[in-house]
Amino acid sequence: MGDLNPNSSFNSNLGVVSSILIFVFGLFFFSVVLLHADTGSPNVITTTVCPRTRNSSLCRTVLKPAGKSDALLKVANYTLTLAHTTAVEGLRHAQRLAAAATNPLLKQRYSECSRRFDFVAKSLEEAKAALVKGGYIPLSHATGATVVEADKCVKNFKKPPREPSKLPEKAKKIGDICDIAVSVSNILAEDY
Ligand SMILES: *[C@@H]1O[C@H](CO)[C@@H](O)[C@H](O)[C@H]1NC(C)=O
Ligand SMILES: *[C@@H]1O[C@H](CO)[C@@H](O)[C@H](O)[C@H]1NC(C)=O
C-alpha cells in the first residue's frame, strides 16, 4: 500500500536528508562546543606553568582553585597572592621562634630566616605592583630572587642542633611556591 503512495518515496528521501542534516549539524555543534571547552580548560596551568616548576605536583595542587580561569594574568595574580600569604605566614612563624628560642644558634638562624622571608614578602609585593602596571620584566626581576632566599633558610638548618619546629619544611614550601611565581613571571616576560 505504501509503495503505491506517490508521497512515500518523497517522505523517505526527506527522512534521509533530514537525518544527514541533523548529523552534520550535530558534528558542527559538537566541534564548536568541544573547541570552546578546550580553550576554556585550565590548560595554562597544567601545560605551561607547572611543567616548568621544580615541584610540578605541588604546583598543580596549589593552583587548582585558579584552574577555572584560563587567563595567565589571573593565574599570575593568584600565584603571587598565594606566595605572599605563605611568605608572610613563614615570616611570623620565624619571628615567634626567634623570640622564644633559648639556644643562641637557633635564635640566630630563626632571625636570619625571618629577614629572608621579609625580603621574599617585600619582593612579592613589588611583583604584584608590577603585575598591575603590566611591567612583566620588573615582575620577573622581583620574583627572581625569592626562591634562593627561601632556600637559604632551609640550608641554615643543615647542621645541628636539630630544628624542632618544622621551619625548614615551611621554608622549602615557600621556595616551591615562589618557584611557581617565577615560572609564571618568566612566561609573561617572554610573551611581552
Ligand atoms: C613537593 O611538595 C610536596 C608538598 O610540600 C612535598 O611533600 C614533596 O616532597 C615535594 N617534592 C619535591 C620533589 O620537592
Ligand atoms: C588577585 O587574587 C586574589 C586572591 O585570589 C584576589 O583576592 C584578588 O581580588 C585578585 N586581584 C585581581 C586584581 O584580580
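**Exercise 1.** How many residues does helix 5 have, and what does helix 5 reach from its first C-alpha to its last?

Solution. This is a predicted model, in which local features need pLDDT of at least 70, side-chain atom pairs count only at pLDDT 80 or more, and totals for chains, interfaces and linings use all residues. Residues are numbered from 1 along each chain as its sequence is written, and chains are lettered from A and ligands numbered from 1 in the order in which they are written.

Step 1. Helices are DSSP runs (H or I, at least four residues; strands are E, at least two), numbered from the N terminus. Helix 5 has 30 residues.
Step 2. The expected span is 1.5 Å times one less than the number of residues. For helix 5 the reach is 44 Å, close to the 44 Å expected.

**Exercise 2.** State the confidence of the model and locate a stretch where the pLDDT is below 50.

Solution. Step 1. The pLDDT is the predictor's confidence in each residue, from 0 to 100. Its mean over the protein is 82, and 73% of the residues reach 70 or more.
Step 1. Residues 23-42 have pLDDT below 50, and beyond near neighbours in sequence this stretch has 6 contacts in the model. Two residues are in contact if their C-beta atoms, placed from the backbone, lie within 7 Å.

**Exercise 3.** Describe the largest nonpolar core.

Solution. Step 1. Such a core is a set of buried Ala, Val, Leu, Ile, Met, Phe, Trp, Tyr and Cys residues joined through C-beta atoms within 7 Å. The largest has 41 residues, and Cys178 and Ala181 touch the most other members.
Step 1. Helices supplying at least two residues each include helix 4 (72-100), helix 5 (104-133) and helix 8 (167-191).
Step 2. Leaving aside neighbours within four places in sequence, the contacts of Cys178 are Ala83, Val120, Thr143, Thr146, Val147 and Ala150. Ala83 is one of the buried residues of helix 4.

**Exercise 4.** Is Asn156 buried or exposed?

Solution. Step 1. A residue is buried if 20 or more other C-beta atoms, placed from the backbone, lie within 10 Å of its own, exposed if 12 or fewer, and partly exposed in between.
Step 1. Asn156 has 20 other C-beta atoms within 10 Å, so Asn156 is buried.
Step 2. Asn156 lies in the loop between helix 7 and helix 8. Not counting residues up to four places away in sequence, Asn156 touches Arg109, Glu112 and Cys113. Arg109 is 47 residues from Asn156 in sequence and 6.3 Å away in space, C-alpha to C-alpha.
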